[in-house]
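Colleague: Could you take me through this model, beginning with a sheet and then turning to a single residue?

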Amino acid sequence: MTDRKDVEYDPDGTLLVARGNVSINDKEEDEQATEQLAKLQQQVENDPALQSFLYSTTQPQAAQDRLKMMQMDDQRPNLSNLSDKQRRAFLKRSLSKNTVVAAKLKRHDTKRLQAAIAARDASLVFADSVGYLQAENDMERTTAMKQSQLKKHLDPETAQHIYDLKLACPHGLQYDRSGRYSLLYSTASTSRGHVAVMDNSFRTLQTEFVVQERIRDACFLNNSKLFALAQQQHVYIYDDTGAEIHRLASHIDPLQLEYLPHHWLLASLGRAGHLKYTDTSTGQLVSSHSVGAHTNVLRQNPSNAVLVAGHGNGSVSLWSPSSSTYLAKVMCHKGSPVLSCAIDAAGHSLVTGGADKQVSVWDLRMMKLRHSYYTAAGVPCSLDISQRNMLAIGHAGHVTIWGADALESKVRDPYLHHLVPGGSPIETVRFRPFEDVCGVGHANGITSMVVPGAGEPTFDTNEYHLNPMQSVKQRQEQEVRSLMDKLRPDMIGLDPDQVGAMEESDPHRRLERIQQLQEEANAKPQAKKKQKSKKRGRSKIQTQLRRKQANIVDQNVMQLRQAREKEKSDAEATRNGIEPEPSRKESAPAALRRFF
């Protein structure tokens, strides 16, 4: 290793070049760098895609033109304006090799080529088209592809997501918003309330404990460190170590749980038919509504945070914490109870499953039925929609996956089909966010299956707690930011765009407008009064036409009115003994009367 400490000037004498304490690589390292740069240059020359990435992502056009001019000046230097001393310095420096500058330029070119290759690889990873199973001809069906056959064609990392976890009792399954952690809970009435949190990325167990009570439902809260359990008596909140954090005594005999992340609200549906909202940041009860008994289904609309409740009479109602009555109600399954429902991420499609084995797809924008599917194996006990609008139906011991086109139009054949081990009855079906994985909870444990094209490949960095690889500091910072950006409960409504709309500046005018809209919405329509017919035996149509023509005045009407006035005056004169004056027609000669 050698050090150089010298100071040199540019040929024009304006730029001071100082080099000091610069370590020059030895000969072996220099040869390795030269060989690596030659390989990268050859790779770029043989790949047109790399050349486009290399030359399309450089500096602006002005900087490129300046660089070309400098290269031309270096090839043909102009020494006419230099003195003899400057000319000798320039020639001496051009003939001697500067290994430090050459090494820096070599490293710069190497990094530039490596960046181009990385950009090309990133464009291949984040492509617009996602993976999808396609049949080679019309005689093949993708439903015939089993998970064991699909596992042979997958990469080792993706193939590890296909497994069966055997447990002693029926279990349910829920994922957090990032998709990294899963919450497993036993749903049998005779079980001891087994709860476990698993890291899906490394397939390790985070925590496991028993609550000694039956668990009906569970969900994660704002992050994977807190989760809520709907136990036999109340709703309990636990942390990732299994310690009990809080008991919600107002939530009595809960059946279903839903968490609204943007509003920090935990909603529960009780057996008595009470829907209750609790603010998890303050622990206060926000609102409580009576949705009616025999309501066992509760899911949220991800686009506007409206809760959808399925009733035993086959209807589905939409609820908000700011409204004491339902926002809308649709009769989905006439004569049979609603057993499951699911809403897509855009909030346009509602899928309901009833005891009549029908899976109905509704358009929430028009409250209109699009089409329906029939599940012959059993009633659809669980439904879920992936981030790419794939529909998963759990019926009896079968899991049927319908493609992304199945929501917009009726499709003849499903996308995939899977039979759980032993044909165990299915408890829950949930898609894992940002992964092509579907988790199934059934009577014999948990099954994980791969569904190509189901998950979104990238996550939104503006959303909180969506990064599966976030650090502790990032999680803490996002928790504080999400609490500061918390939305009020009265912002939940059918129209999600009303939050960003313009509002009157005057509070009194705003209150009057709201009261006027409420009065118009609650006002009963008044029945139209029927017109009484005072002339019996006459034609009603003739009377209505006469009334319509009463206010129309034209030349014929004027002549008729004059003739009627003359008749009245003649009759009155006759009664008074006065002879009426003869008209012009009567006073005219007989030969001329025909002209009047």
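**Sheet, confidence and a glutamine**

Modeller: The strands β8-β9-β10-β11, in that order, form an open sheet of 4 strands with antiparallel pairing. Strands here are DSSP runs of E of at least two residues, helices are runs of H or I of at least four, both numbered from the N terminus, and two strands pair if DSSP finds at least two bridges between them.

Colleague: Which are the edge strands?

Modeller: They are β8 (215-220) and β11 (244-248), each of which pairs on one side only.

Colleague: How many bridges join β10 to β11?

Modeller: Strand β10 (residues 235-239) is joined to β11 by 4 bridges, and the two run antiparallel. Ile237 has His246 in β11 as its bridge partner.

Colleague: What is the average pLDDT of the protein?

Modeller: This is a predicted model, in which local features need pLDDT of at least 70 and side-chain atom pairs count only at pLDDT 80 or more, while totals for chains, interfaces and linings use all residues. Residues are numbered from 1 along each chain as its sequence is written, and side-chain values use heavy atoms, with hydrogens and water left out. The average pLDDT (the predictor's confidence in each residue, from 0 to 100) is 83, and 81% of the residues score at least 70.

Colleague: What lies 2.8 Å from a polar atom of its side chain?

Modeller: That is the backbone nitrogen of His465.

Methods
Polar contact = N/O pair within 3.5 Å; in protein donor to acceptor, adjacent residues only side chain to side chain.
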